[in-house]
Structures are given as C-alpha cells and as structure tokens.
Amino acid sequence: MRGSALPVKVGQFVSCILFQSLALCTALSFCVPTALQARQIQVDGQPYMDLAIVGKSFGMQTYWLKGYKTFRLRSQWTTIDFGKNRRVLELNELPIYLGFPTVESNGQLFLAAADYKQVLQPILTPQVFRSRPAIQRVVVDAGHGGKDSGARNEAYGLMEKNLTLDVSLRLKGLLERAGFEVVMTRDSDVYLSLQQRAQMANRAQADLFVSLHFNAAGSSTASGLESFALTPQYQASSKYPRPTTRDSKRYPGNDYDPWNALITYHVERALVQGLGGPDRGMKRARWAVLKDLNCPGVLTELGFVSHANTAKKLRSPAFRQEIAQSLFEGIAAYRKRLQRIQ
Ligand SMILES: [Zn+2]
C-alpha cells in the first residue's frame, strides 16, 4: 500500500493526527512541504492551508480580485479562482468540485489540506506522487446494455446503451491508431453488471478504465458535460453536503486517487474544448464501476439525451465521432502528462 512504508517524522504528525488514518497522515506529511504546514489552521478537525502560501509553493502569483469575493492563483498558463466558503474552484474556467468548502479567516482564504493533496497536487505537480501508473492498456466501458437501456429519449429514438456502444467503438479505433491497446467490456448489446465491468478491467490488468455514459434529467433545459473521479476516503461525494461515517470506507480504487483526478481533469477539459460545453465540471462520486478498480478510472457523462438540441446532434454519426475524438484527446493528454513525469 502506498504510504505505509514511508518514514514518519514525529513533529509533522501533530497537525494531521485528526485525519484518523495513519496511511493518509503519513502520505500528507510526506507531500506537504514544512513551510506550508506552518500556515495551517484547523477547521472542524481538518487542517486547512493558507492559499497565498499554497500559490507561492506552486510558483504562482496570488491576489484577491476586486470586491474581495474571489481569490486567484495565477501563472503564465494557469489561473485558479477560489470563492469564499465554496466547494468548487475554477481552473482555467473548468469547475472542479472540492471535498470541503474554502474558509476565510482574518482576510486570508484557506483550502482544506485534503483538497491540496487530492486536487491541486495531482493536476499541477503529479510528479510528487509515487508509483506513476503505466498507460498502455485501456479498458473502454460502454455503459448499460441488453435489458438495461439507460437514459432514453423516445421522441428522438435515442437509447443510452446504443450511444455509449457507438462512441466506445469509435474511441477504440482512435486509441488503437495511437498505439494504445484496447479492451472493451462489451462490443455488442449485452447486459453486464457494474461489478463485472470492474472485474473485467482487473482481470485484463488494465492501466486505465474509461466508462462512457449519457445523462438524462427531468428538466429539459439541463445540458452539458461532466466527468467523475472516485471520491477520496473521508470526503463526501459532490452531491452531498458533508461527509458521514459511511465516507470513511476506503476502496481499492482509492489507491489511485492522484491519477483518478488527473485523468478526470484531462477528459473533462478535452470534452469541453472539443464539444464546446456547457462545462458541468469535474465531480466526485463512488460509482460502483470505479470503486473496485485496480487502476485509475474515470466515468464521463457525454451529454443529456433529454436536451432537445443535444438529442438532435446525437443522431449524427459525425457528432458522435467528435465526442469520441474529444475523449481520445483527453486520454492522449493524460498519457503525455504521465510520460513527461517519467
Ligand atoms: Zn448511464
């Protein structure tokens, strides 16, 4: 297990002992520079870090925008905006859901140390994490199938299970042309349980698992793209306000937390760049297909079949190819990033 063999410095222990987990605490004290720990405060038993210091540690400028509602970290290529008491940040305008809300204290804005470790470090400095995963064999999971049709739009003759399979097959072609090895959880209209899908990825010794889905909503105006990474231990998934005791369970997929965040960020970014949004952001959930993976994974929602304009476009093979192309770009960007941190 990552972290368990790392040396522990007693002095660094104090500020994070409330994390309840030796593994997480050890990993945190290893990853968080001592200068940053010096500027921590405790909020509800959580260590929080001064964002001005955090920004400087990444070599970024830090300042409040006019009106003191938004705190910005900025470098040449990256702008990260944090609101007060908000559980989402915008990284180059891409919304990323946090585990905990930011906290203002004495005119400074603070970020939960858990979010520093689970969001900022994986995306900005993934090289600080050990055991960089391989990126050769990709398991492509077409959501639903067989008796489970998923979301439907009768008026446009759309079924999620057909859309996910169509886009998955297009994605497979693109990945193989770029030198990836691809394993499909299904390549026809068959039913698979969620557990079977994760088991297939583990049996195939996948380096990456990508699950494709489409959304539906009661409101016909809901639209856009969103991508999910497995929720880290001790955190509430994005749709829940705060953690409960249930959230203290750790899943096999949590061994890949930094890489789950990195692939999800790249997939969501590429989808929005390729398809134009709306960008519903990078979110967290404990989807059954992600929990038991022995590799990094992402579940992406590629549009709302319940949205008339989207439904119309989804009937076009050219548009479905664009979706596959954008997804491919995200996976290729993740591969490039991993290769850079060899
Ligand atoms: Zn689905």
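This is a predicted model: local features need pLDDT of at least 70, side-chain atom pairs count only at pLDDT 80 or more; totals for chains, interfaces and linings use all residues.

Biologist: Fine. What's the strand order in the open sheet of four strands?

Modeller: The order is E1-E2-E9-E8, with antiparallel pairing. Strands here are DSSP runs of at least two residues (E) and helices are runs of at least four (H or I), numbered from the N terminus. Two strands pair if DSSP finds at least two bridges between them.

Biologist: And which strands stand at the edges?

Modeller: E1 and strand E8 (103-105); each has a single partner strand, so one side of each is left without a neighbour in the sheet. From one strand to the next the twist averages 40°, with axes being lines fitted to C-alpha atoms (for helices, over the stretch in contact) and angles running from 0 to 180 degrees between N-to-C directions.

Biologist: How many bridges join E1 and E2?

Modeller: Four, in the antiparallel sense, between residues 40-43 of E1 and 46-50 of E2. Val 43 sits opposite Gln 46, and Ile 41 is opposite Tyr 48. The two strands make a hairpin with two residues between them, and Asp 44 in that turn has a positive phi of about 50°.

Biologist: Which other residues have a positive phi without being glycine?

Modeller: Glu 93, with phi near 75°, and Tyr 234, at about 70°. Glu 93 is in the loop between strand E6 (88-91) and strand E7 (94-97), while Tyr 234 is in the one between strand E15 (225-230) and H8.

Biologist: Is Glu 93 buried or exposed?

Modeller: Exposed, because it has 11 other C-beta atoms within 10 Å. Tyr 234 has 18, so it is partly exposed. The rule is 20 or more other C-beta atoms within 10 Å for buried, 12 or fewer for exposed, partly exposed in between, with C-beta atoms placed from the backbone.

Biologist: Switching topic: which residues touch the most other members of the largest nonpolar core?

Modeller: Leu 111, Val 138 and Leu 327, out of 81 residues. A core here is a set of buried Ala, Val, Leu, Ile, Met, Phe, Trp, Tyr and Cys residues joined through C-beta atoms within 7 Å. Helix H8 (residues 257-275) gives the largest share, ten residues. Domain 1 (35-124) and domain 2 (137-340) both contribute, so the core lies between them; those bounds come from an automatic or database domain assignment.

Biologist: What is Leu 111 in contact with?

Modeller: Leaving aside neighbours within four places in sequence, its contacts include Tyr 48, Met 49, Phe 82 and Tyr 116. Contact means C-beta atoms, placed from the backbone, within 7 Å.

Biologist: Where's the cis peptide bond?

Modeller: From Gly 277 to Pro 278, with omega near -5°. Pro 278 lies in the loop between H8 and strand E16 (279-285).

Biologist: Last one: why does Gly 150 count as buried?

Modeller: Because it has 20 C-beta neighbours inside 10 Å. Gly 150 is in the loop between strand E10 (137-142) and strand E11 (152-153).

Note on methods: Residues are numbered from 1 along each chain as its sequence is written. Two residues are in contact if their C-beta atoms, placed from the backbone, lie within 7 Å.
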